[in-house]
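Subject: Structure handover and notes

Dear colleague,

I am passing on the structure below, together with some notes on what was found in it. Please look through the model first and then read on.

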Amino acid sequence: MPSLENTYQELFGHRAEVIAEAPGRVNLIGEHIDYSEGFVLPFAIADRTFAAIARNKDGLVRIASQQRKNRIFTIDIKDVKPGSTGEWEKYVLGVIWTMGVTSGVDILVDGHVPSGAGLSSSAALECSVAVGLNLLFDLKKSLEEIARAAQKAENDYVGMPCGIMDQSVSLMGREGSALLLDCRDLSTESVPFDVASAGLELLIIDTQAHHALVDGGYAERRASCESVAAKFSIPSMRHLTMDVLESRKSEITETEFIRARHAVTEIQRVKDAVIALRASDFSTLGRLINESHFSLRDDYTVSCPELDVAVDASLAVGALGSRMVGGGFGGSAIALIKADQIESVKDSIRSAYSAKGFKAPRFFTSLPSAGASAKLIS
Ligand code: GLA
């Protein structure tokens, strides 16, 4: 395939000034609690999205993709505001808008994070463009500010009420480590995640399922947590304990109760998982991963048959832990397994899928990788 820079020159008739890149993510534990000011423990994966960017003098934004070169989406920079046209280009336009760019730019993206797999290809796209623009226009925004800008692009331009986890880890991920992120103030700590030296592997299972509930279901879960917080006059689920939740159960609906129970217990599981990881106690980590899945399946009800079958089939052949990752209703699951079990775990999942008549799953592995970066082309 021609290089990104060559394609850029062919499509736009001038050279790119900046090349930027940003990764997708998996989340070890801490699901559906980023918008409740919780703690999460994701890592950036090796797969990333690249963006080549340069200014133009036409006052236009032109966006193309290495994957679909026959389309150049074009819009006047003055029309870049919520409600504009665009398909996937809205992720890019949203970032241009939230980063405060007001002059014309030509952008070519090259996405290598599998889309629809729950590995945050959208955050990779947003963050690659955001760090590229930050460098090109010398905007001097910190990683925290860029993360918030990328999240705002997705919330207010694309219309998906996501939390801050995916953008943060895409920007701040570190090689060899999971990132303990405090979603209230975006402070981070690196937690070494070296499964290989313990003879383990983290298998990523793309269920290839994508259920229609994804957007509405996500917003509904988030609204439940916000409703409980409002009824209890607390800022977020982070300020709740199981004791208080039990004692005030009559003030909220049954659905709100189980949603809040997931949030409270999941925040605790993240803290416990960090202790386990630091002690290289992978069996405890595995147990916490399983408990996270059961809570997401039974209390938060964001799993789906394809995710549950992947988890059950992994555990049936001896995985230490397995759970869905990301928003749910499809996408990917992870399984913490002994490295020499990888083929038997894959076989177990494949045959369980074929017995259910599900589309064949895809498998990945990835080590924790570095976050986004950008460089000027001289
Ligand atoms: C999606 C959202 C994140 C987070 C996860 C669930 O990936 O983009 O902000 O809420 O779901 O943990």
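Between domain 1 and domain 2 about 3000 Å² of area is buried, and carbon and sulfur atoms give 64% of that area; buried area here is the accessible area (1.4 Å probe) that two parts lose on being put together, summed over both. Please keep in mind that this is a predicted model, in which local features need pLDDT of at least 70 and side-chain atom pairs count only at pLDDT 80 or more, while totals for chains, interfaces and linings use all residues. Residues are numbered from 1 along each chain as its sequence is written, and side-chain values use heavy atoms, with hydrogens and water left out.

The two domains

The domain assignment of the chain, whose bounds come from an automatic or database assignment, gives domain 1 as 4-190 + 369-376 and domain 2 as 195-365. To their contact (heavy atoms within 4.5 Å) domain 1 brings 33 residues and domain 2 brings 42 residues. The C-alpha centres of domain 1 and domain 2 are 26 Å apart. Three salt bridges are found across this interface, a salt bridge being a side-chain nitrogen of Lys or Arg within 4 Å of a carboxyl oxygen of Asp or Glu. A salt bridge also joins the side chains of R323 and E31, at 2.8 Å from N to O.

Two helices

Helices (H or I, at least four residues) and strands (E, at least two) are DSSP runs, numbered from the N terminus. In α2, seven of the ten residues are buried, where buried means under 20% relative accessible area, exposed over 50% and partly exposed in between (1.4 Å probe, protein chains only). The buried residues of α2, among them V92, L93 and I96, pack against β4 (60-65), β5 (68-76), β6 (105-111), α3 and α4. After α2 comes G100, with a positive phi near 75°.

Helix α4 (residues 143-158) has 16 residues and spans 21 Å from its first C-alpha to its last, close to the expected 22 Å, a value found as 1.5 Å times one less than the number of residues. Its buried residues include I146, A150 and Y157, and their cover includes α2 (89-98), α3 (121-136) and α5 (165-172). Just after α4, G159 has a positive phi of about 90°.

A record to compare

An unreviewed UniProt entry annotates residues 7-55 as "domain: Galactokinase N-terminal"; such annotations, given in the numbering used here with shortened feature names, may be inferred rather than shown by experiment. In the model, residues 7-55 are 12% helix and 53% strand, and their end C-alpha atoms lie 16 Å apart.

With best wishes
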